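Take a look at the chain below. The text that follows walks through it in short steps.

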Amino acid sequence: MGLFSKMLDTIPSNTLPYFLEALDLNNFFSRMGIWIFLAMLISVYSKSPVRSAINVFLFFVGMVSSYYLYTILVAGFFPGAYMMIWIIMTCISPFIAFVCWYAKGKGSIAVLLSSIIFMFISRQAFAFGFWYFDIRYPLEFLLWIAMIFVLYQSSKQIMKVMTIGSLLYFLTSQINIFWGML
């Protein structure tokens, strides 16, 4: 995934087939939404919280290392500061994945964890201001919909998740998290 993402970064978008250019995949893979969503998928579908931590960590190690090896060896530049952000996020990903695994469980803790996931994906999909509420990127809106299906357990549970998650979204929408990446 990291290699694919970096290759899309280095190819001029007007040389891609029209439907890929229209989807704006090179920018889609450069934003956090897809990586949060994929990590959530790996986490909640792992067999245990420890396995979740291992799986997500290995996913990020593979993605980040292939992305930056291609950047350095093929594209010929070394983005040190930006690379450190991704290395730090890779290092903390197992801890987040361990906790995230419990989002598919039952009870209040699972609803709260699912709500936090909902908030983070909502922050990627929507823009909110004093006079507007808008979809930022159509592909991340599709991830937002898919996330609801992944976290769904019952109508009552998903309504709680969406209510709490929306409240968290509106409370945090103007705060920059992880250097403005989330």
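Start with Phe-128. Not counting residues up to four places away in sequence, Phe-128 touches Phe-133, Tyr-169, Phe-170, Ser-173 and Gln-174. This is a predicted model, so every contact here is read from predicted coordinates. Phe-128 belongs to strand S1, which covers residues 126-128. Is Phe-128 buried, exposed or partly exposed? Its relative accessibility is 28%, so it counts as partly exposed; the range for that class lies between 20% and 50%. Gly-165 is 37 residues away along the chain, and its C-alpha atom is 14 Å from that of Phe-128.

Step back to Ala-125, which is found in helix H7. Ala-125 is buried, and its relative accessible area is 0%. Which residues does Ala-125 touch, leaving out those up to four places away in sequence? They are Asp-134, Ile-135, Arg-136, Tyr-137, Glu-140, Phe-141 and Trp-144. Ala-125 and Gly-33 are 92 residues apart in sequence, yet 7.6 Å separates their C-alpha atoms.

Now turn to the nonpolar core. The largest one has 46 residues. Those with the most contacts inside this core are Trp-35, Met-40, Phe-60, Trp-86, Ile-117, Trp-144 and Met-147. Seven helices are named as giving at least two residues each: H3 (25-28), H4 (32-44), H5 (49-75), H6 (80-100), H7 (108-125), H8 (138-151) and H9 (155-172). Which helix gives the most? H4 does, with nine residues. In soluble globular proteins, nonpolar side chains tend to be buried together.

With neighbours within four places in sequence set aside, Met-147 is in contact with Phe-37, Met-40, Ile-117, Phe-118 and Ile-121.

Next, look at how H4 meets H5. Two packed helices are described by the angle between their axes and the distance between the axes. For H4 and H5, the axes come within 8 Å and cross at roughly 145°. Their crossing is right-handed. On the H4 side, the contact is made by Trp-35, Leu-38, Ala-39, Ile-42 and Ser-43. H5 brings Ser-52, Asn-55, Val-56, Phe-59, Phe-60 and Met-63. How many of these contact residues are nonpolar, polar or charged? Eight are nonpolar, three are polar and none is charged.

Move to the start of the chain. Helix H1 spans residues 2-10, and Gly-2, Ser-5, Lys-6 and Leu-8 are buried there. Why do they line one face of the helix? Seen down the axis of H1, the buried residues fall within an arc of 155°, so they share one face. An α-helix has 3.6 residues a turn, so residues three or four places apart point the same way. The buried residues of H1 pack against H3, H4 and H5.

Asn-26 is found in helix H3. Its relative accessible area is 11%, so Asn-26 is buried, the cut-off being under 20%. Leaving aside neighbours within four places in sequence, Asn-26 is in contact with Leu-8, Asp-9, Ile-11 and Ser-13. Leu-8 is one of the buried residues of H1. Pro-12 lies 14 residues from Asn-26 along the chain, with 9.1 Å between their C-alpha atoms.

Conventions
Residues are numbered from 1 along each chain as its sequence is written. This is a predicted model: local features need pLDDT of at least 70, side-chain atom pairs count only at pLDDT 80 or more; totals for chains, interfaces and linings use all residues. Side-chain values use heavy atoms; hydrogens and water are left out. A nonpolar core is a set of buried Ala, Val, Leu, Ile, Met, Phe, Trp, Tyr and Cys residues joined through side-chain atoms within 4.5 Å. Buried means under 20% relative accessible area, exposed over 50%, partly exposed in between (1.4 Å probe, protein chains only). Helices (H or I, at least four residues) and strands (E, at least two) are DSSP runs, numbered from the N terminus. Contact means heavy atoms within 4.5 Å. Axes are lines fitted to C-alpha atoms, for helices over the stretch in contact, and angles run from 0 to 180 degrees between N-to-C directions. A crossing is left-handed if the near helix is turned anticlockwise from the far one by less than a right angle, and right-handed if clockwise. Ala, Val, Leu, Ile, Met, Phe, Trp, Tyr, Cys and Pro count as nonpolar, Asp, Glu, Lys and Arg as charged, and the others, Gly among them, as polar. The arc is that of the directions from the helix axis to the C-beta atoms.
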